[in-house]
Amino acid sequence: MLRTSILVVILSCLCASVTSTVTYDNKAIIINGQRRILISGSIHYPRSTPEMWPDLIQKAKDGGLDVIQTYVFWNGHEPSPEKYNFEGRYDLVRFLKVVQQAGLYVHLRIGPYVCAEWNFGGFPVWLKYVPGIEFRTDNGPFKAAMQKFTEKIVDMMKSENMFEPQGGPIIMSQIENEYGSIEQQTGAPGKAYTKWFVNMAVSLDTNVPWIMCKQDDAPDPLINTCNDFYCLKHSPNKPYKPKMLTELWTSWFTEFGGAVPYRPVEDLAFAVARFIQTNGSFINYYMYHGGTNFGRDSGLFVTTSYDYDAPLDEYGLQREPKWGHLRLLHKAIKQCEPALVSSYPTVWSLGKNAEAHEYRSNSGACAAFLANYDTTSSANVIYFNKQYDLLPWSISILPDCKNEIFNTAKVIHGAHMKMIPVGGDFPWQSYNEEVPTADDSGTVPMVGLYEQINVTRDSTDYLWYLTNLNITSDEEFLKDGKDPVLTIASAGHALQVFINGQPSGVAYGRLSNPSLTFTGNVKLRAGTNTISLLSSCVGLPNVNLHYERRNAGVLGPITLSGLNEGTRDLTKQTWSYKAGLKGESLNLHTPDRSPSIDFLEGSFVAQKQPLSWYKTTFDTPQEPGPYALDMTGMGKGEIWINGESIGRHWPGYIARGHNCGACNYAGYYNQNKCATSCGEPSQKWYHIPQSWLKPTGNQLTIFEEWGEDTIHCRSFIVIQIFIDKA
Ligand code: GAL
């Protein structure tokens, strides 16, 4: 009896170790003994709602994906030290289980630095204020915090049996993110940090491979992987590692003030085929579903939409022809898999700018990729006595080396999407945010100008800088009417100036230079004048060496010229501070709080008035969603539905850009090549997740900073998709 049970135990252990392993060699990731060509796509769980996840994952599966890749968002999971949040959009395990139930794998990018156009690159803001801390280098407090969070996530994954050898979906993890160039700039401490985090990660015994992206010298056993639009030059740093592309950019993100980038699918498919034909065995679309930066989640100047021209659009609908064309590409690649995983490509020229890449295995499998790199002419090539007409900048796939079943530039799907207005003319109410002054109770006087994030700790976008200004009655300008000029230098990101409570101008920066200078004539009177400056942040930086040291807010100098004395420097005088808005402290966006507050109604509703809170209720439209709010005509601010923030709106920021003309898919792509919306708002549609709506009596709250226009966002919009089947 005893003997039998021992035998059973030993056998089951053997089975487990044989059936469940993830390793790699120079060809591919190996899952349970099988080399795999893996097609992956990024879907970031907090950029959609849990109710959307099953549909998104199913559409990813239907589109031919094997793997879902996501970062882990530390600032969402640990908003204050050791106060963890794994609920709602941050329910990481629930998300991974949805992926698992669909039968897909997971690539978990723990980071915990993530970049991702995410507020502060995913680091909690409190981390910056840990004494003695320096981010992403050989620094004790930073390493301790990084290790603690990484361990927390790995332990959680283990206890939920999430790693593949445990029967879970995770086949790979990532530590850090694109550290290569930062390491170079950091020097010796950077190198020491790399060594440390590699050892730390490996010691966590996840039993699945770790990768590092954009880190050419990634130490063993980590795999160095590539992120780019093509990754033509990438090669693994050891002959026993596979060639992997962990971020193939499906287009690019949109910044407020920028045009909306798109990437033609012909070129995206070409990039995939080109990587696979040169021994690549893993590609990940960044993003497969970009989604939405809800609330204040987005990084510096990044729009609320993170659509990314991804195969699944912001609302979770298949974007055609992208989704369908890539689906066919994935099918074709899958048919090549037996040859791809068991041989190396032989390459030869098929003429000027044309090449054949042929995979022929000992067992007789054969797959060929016929490529034409010419951007203007088709290539007529002969491959094994057969003629092929290759479109410019395209690759044909022959999974049996005989029949072309796919060409990257032959797109047979067509589609257009329509936004249809479905409602509007809501009964609005408004609440006027008062402009505070330095004498108000609750403001904090300090000498000089202070950095914004230091004061707010990013608990709000807003910080008031308040002071008084004395003007004597003998000032010449009071007589000649030549108003003095106020000049304010700010580290960013946007500024609104009020003199004696009156709106006196706005100024704002942009992603490439968030700082701003306000210069304007101001109306002053004899006696005491109040200056109230509302400085607002539009997300914290998420990229580049020591981005965490970048400042925000009014740091000066502030001067007033055109006085009898010439120019007066206001920089070093006493300024009073008030973090946040009154409406925020009153929780005006929360349905159960606002009824007690006096909102104006009917003809008293604010029109073209800065700092207005608007509120209305509406029933969910009869037409099926998804829904978006058309904010055309509004300026800048934030929007809430039933107390949930759907993000910052800024249709007042008009897209600069000259790249909105016709865009040829052929030729190397970059994020500035093809775009829409030049001369229009960078973002006018704002996604309302359906699960945040009730059938009736939904509360919509808008804080409008600029008061650009009368309430314009009258319409709910249904998005519908029409697919032209060719
Ligand atoms: C990459 C980075 C991603 C994202 C992307 C641009 O370099 O790893 O997190 O920021 O750029 O969208």
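Start at the ligand and select Val-114: a polar backbone atom of Val-114 is 3.2 Å from an oxygen atom of the ligand. The model is predicted, and the distances and angles in this tour are computed from it.

**The ligand site**

A backbone N or O atom of Ala-116 lies 2.8 Å from a ligand oxygen. Next, show the side chain of Glu-247, where an N or O atom is 2.8 Å from an oxygen atom of the ligand.

**Helices H2 and H4**

Two packed helices are described by the angle between their axes and the distance between the axes. Select residues 53-62 for helix H2 and residues 92-101 for helix H4. Their axes come within 9 Å and cross at roughly 40°, and the crossing is right-handed. To see what touches, show the side chains of Trp-53, Pro-54 and Ile-57 in H2, which meet Arg-94, Phe-95, Val-98 and Val-99 in H4. Sorted by class, this contact of H2 with H4 holds 6 nonpolar residues, 1 charged residue and no polar ones.

**Helices H5 and H7**

Now select helix H5, residues 140-159, together with helix H7, residues 188-202. The two axes are 11 Å apart, and the packing angle is about 25°. Angles under 35 degrees count as roughly parallel, and H5 and H7 are therefore roughly parallel to each other. H5 passes H7 in a right-handed crossing. On the H5 side, pick out Phe-142, Lys-143, Met-146, Gln-147 and Thr-150. On the H7 side, the partners are Tyr-193, Trp-196, Phe-197 and Met-200. The contact of H5 with H7 consists of 6 nonpolar, 2 polar and 1 charged residues.

**Helices H8 and H9**

The crossing in which H8 passes H9 is right-handed. From H8, the contact takes in Val-265, Leu-268, Ala-269, Val-272 and Ile-276. From H9, it takes in Lys-322, His-325, Leu-326, Leu-329, Ile-333 and Leu-340. By class, the residues where H8 meets H9 divide into 9 nonpolar, 1 polar and 1 charged.

Leave the helices and look at backbone details in loops. Go to Asn-385, in the loop between strand S16 (379-383) and strand S17 (386-390). Asn-385 is not a glycine, yet its phi is positive, at about 65°.

The next stop is His-493, in the loop that runs between strand S24 (485-490) and strand S25 (494-499). Which residue pair has the cis peptide bond with omega near 10°? That bond runs from Gly-492 to His-493.

Finish at Pro-626, which is found in the loop between strand S32 (612-618) and strand S33 (627-630). Show the backbone here as well: the peptide bond from Gly-625 to Pro-626 is cis, and its omega is near 5°.

Notes:
Residues numbered from 1 in each chain as written. Predicted model: local features only at pLDDT ≥ 70, side-chain atom pairs only at ≥ 80, totals over all residues. Heavy atoms only, no water. Left-handed = near helix turned anticlockwise from the far one by under 90°. Helix = DSSP H or I, 4+ residues; strand = E, 2+ residues; numbered from the N terminus. Contact = heavy atoms within 4.5 Å. Nonpolar A, V, L, I, M, F, W, Y, C, P; charged D, E, K, R; others polar. Polar contact = N/O pair within 3.5 Å; in protein donor to acceptor, adjacent residues only side chain to side chain. Axes fitted to C-alpha atoms, helices over the stretch in contact; angles between N-to-C directions. Parallel < 35°, antiparallel > 145°, perpendicular 65-115°, else oblique.
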